[in-house]
Amino acid sequence: MRLGVALPIVDIGGGPAALKEFVQAAEAIGYHGIAAPDHVLGTNIGDFSTQVLILAQRQTVLVAKQAACLDVLSGGRFRLGIGVGWNEIEFTGLNENFHNRGRRSEEQVEVMRALWAQPHVNFKGRWHTIEDAGINPLPSGRKIPLWYGGHADVTLRRCAKWGDGWMPLAYPPGEEARTAIATLHRYAEEAGREPAAIGIDTRVSAGAGSEAEWREQVRLWKSIGITHLTLANYYESGHLHRIAGRSLADHIAAMRRYWNAVADLL
């Protein structure tokens, strides 16, 4: 099991100095990865991020190009989380159709995978036409891992067909999560895939509970097939809890405390 951490941009901001200090602290402590949030527009409500890029809001070829560049710059360590989104205001502001976003995202995945794999692509779909063209650079492995966020049944089916991983946020550690994972695995088998090939990344937090309780949660997550955990300390959502402080120092201290409590269980 691998443990990463989500950037608390809503608390520490997106300035380069704060981001550098946070990321370097995470690496020094031992965290395996950084999750970055994505929203173009926000409604006037409390912040919440799923750590996925809302693919249907974007031009597909541009996303493929940007993702390939990140893959090359990171030495092949980049993975792309995608989702269909929930905020119609964002789609309206970006002049994109909110109501067909799921179907469009399926074709978008086809286009991106083709562009990552081949120097030149011919593609004719419902929403995309590419005539003997390609992106440069190509990703180092001629593909980029795609991880799906969301909980709808259709999302699980898409992930079972095309995903390298799934990122469920809504389930606390327990039977509901176990049932959802079993459903994903069944869909993967129906799609002719090995269920173990699909990673699962869920969220944990250090905002409530004791070290002993955190350890018990990690043991449970591991026992039901979770392959990745991401520490997210900057929001309240269901079983996840915001830490009391909001400064950069508060977040680094909480990150260190959580790692020290559970690292031997990973």
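Which residue's side chain is joined to that of R203 by a polar contact of 3.5 Å? The partner is T230, where a polar contact is a pair of N or O atoms within 3.5 Å; within protein, one must be able to donate a hydrogen and the other to accept it, and residues adjacent in sequence count only if both atoms are side-chain atoms.

Before we go on, a word on the model: it is predicted, so local features need pLDDT of at least 70 and side-chain atom pairs count only at pLDDT 80 or more, while totals for chains, interfaces and linings use all residues. Residues are numbered from 1 along each chain as its sequence is written, and side-chain values use heavy atoms, leaving out hydrogens and water.

Let us stay with R203 for a moment. R203 belongs to strand β9, residues 199-204 (helices, H or I with at least four residues, and strands, E with at least two, are DSSP runs numbered from the N terminus). Its relative accessibility is 1%, so R203 counts as buried (buried means under 20% relative accessible area, exposed over 50%, partly exposed in between, with a 1.4 Å probe and protein chains only). The side chain of R203 also has a polar contact of 3.2 Å with that of D201.

Now to the aromatic rings. A pair of aromatic rings is described by the distance of the centres and the angle of the planes. Rings of Phe, Tyr and Trp (its six-membered ring) pair if their centres lie within 6.5 Å; planes under 30 degrees apart count as stacked, over 60 as edge-to-face and the rest as tilted. By this rule there are 5 aromatic pairs. In one of them, W214 and Y258, the ring centres are 5.1 Å apart and the planes stand at 40°, so the pair is tilted. This pair links distant parts of the chain, with W214 in helix α8 (residues 211-223) and Y258 in helix α9 (residues 248-262), 44 residues apart. Both W214 and Y258 are buried. For Y234 and Y235, the centres are 4.9 Å apart and the planes at 80°, so this pair is edge-to-face. Y234 is buried at a relative accessible area of 4%, and Y235 is buried at 2%.

Rings also meet charges here. A charge sits over a ring if NZ of Lys or CZ of Arg is within 6 Å of the ring centre and within 35 degrees of the ring normal. The charged end of R101 sits over the ring of F98, 3.9 Å from its centre, and R157 lies over the face of Y187, at 3.9 Å from the ring centre.

At 0% relative accessibility, F91 counts as buried. Leaving aside neighbours within four places in sequence, F91 is in contact (heavy atoms within 4.5 Å) with residues including A56, F98, R101 and R104. The C-alpha atoms of F91 and A56 are separated by 8.5 Å, although the two are 35 residues apart along the chain.

Our last stop is helix α3, residues 60-73. Its buried residues are T60, V63, A64, A67, A68 and D71. Seen down the axis of α3, these residues fall within an arc of 130°, so they line one face of the helix; the arc is that of the directions from the helix axis to the C-beta atoms. The buried residues of α3 pack against β3 (53-54), β4 (80-83) and α5 (101-117).

Key: The expected span of a helix is 1.5 Å times one less than its number of residues.
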